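I open this entry with the structure itself. My notes on single residues come first, and those on the whole chain follow.

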Amino acid sequence: GWHTTIFPPYFVSGAVFSGFAMVLTLLLVMRKVMHLEAYITVKHVEYMNIVIIVTGSIVGVAYITELFISWYSGVEYE
């Protein structure tokens, strides 16, 4: 029941997902506090949001794939 082929892309996309989320959270606070609205525009934030949505979707597909593989294998302990 051990399937290791999904772990590398899951790990990389999860790291990019969480890293972008942390950077975006700090960026929005710093943008407001340091008055950087002229340098960090809404377009930059939207592009970062697209990366977060794509990598979050990859992580979601990995979760669904893991559930499907365990269900499809027919092993009762999974």
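I began with threonine 55, which I find buried, because its relative accessible area is 9% and the cut-off for buried is under 20%. I note that the model is a predicted one.

I then placed threonine 55 in the secondary structure: the residue lies in helix 2, which covers residues 42-73. I looked up its contacts, leaving out residues up to four places away in sequence, and found that threonine 55 touches Ser13, Val16 and Phe17.

Next I turned to valine 29, a residue of helix 1 (residues 7-33). Its relative accessibility is 49%, so I record valine 29 as partly exposed, given that exposed requires over 50%. I also found valine 29 in a nonpolar surface patch with Met30, Val33 and Met34. Together these four residues have about 380 Å² of accessible area.

For the whole chain, I counted two helices and zero strands. I looked up the overall dimensions: the C-alpha atoms fill a box of roughly 55 × 15 × 15 Å along the principal axes. The radius of gyration is 18 Å, whereas a compact globule of 78 residues would have one near 12 Å.

I then checked burial and surface. Of the 78 residues, 15% count as buried. The accessible surface comes to about 6200 Å², and carbon and sulfur atoms account for 75% of that area.

Last, I examined the sequence separation of contacts. Among contacts between residues at least 6 apart in sequence, 71% join residues at least 24 apart.

Definitions and conventions:
Residues numbered from 1 in each chain as written. Predicted model: local features only at pLDDT ≥ 70, side-chain atom pairs only at ≥ 80, totals over all residues. Heavy atoms only, no water. Patch = residues over 30% accessible without salt bridge, like charges linked within 9 Å, V, L, I, M, F, W, Y side chains within 5 Å. Areas by Shrake-Rupley, 256 points an atom, 1.4 Å probe, with all protein chains shown as cover. Salt bridge = Lys/Arg side-chain N within 4 Å of Asp/Glu carboxyl O. Helix = DSSP H or I, 4+ residues; strand = E, 2+ residues; numbered from the N terminus. Buried < 20%, exposed > 50% of the residue type's maximum accessible area, 1.4 Å probe, protein only. Contact = heavy atoms within 4.5 Å. Rg over C-alpha atoms; globule rule 2.2 N^0.38 Å.
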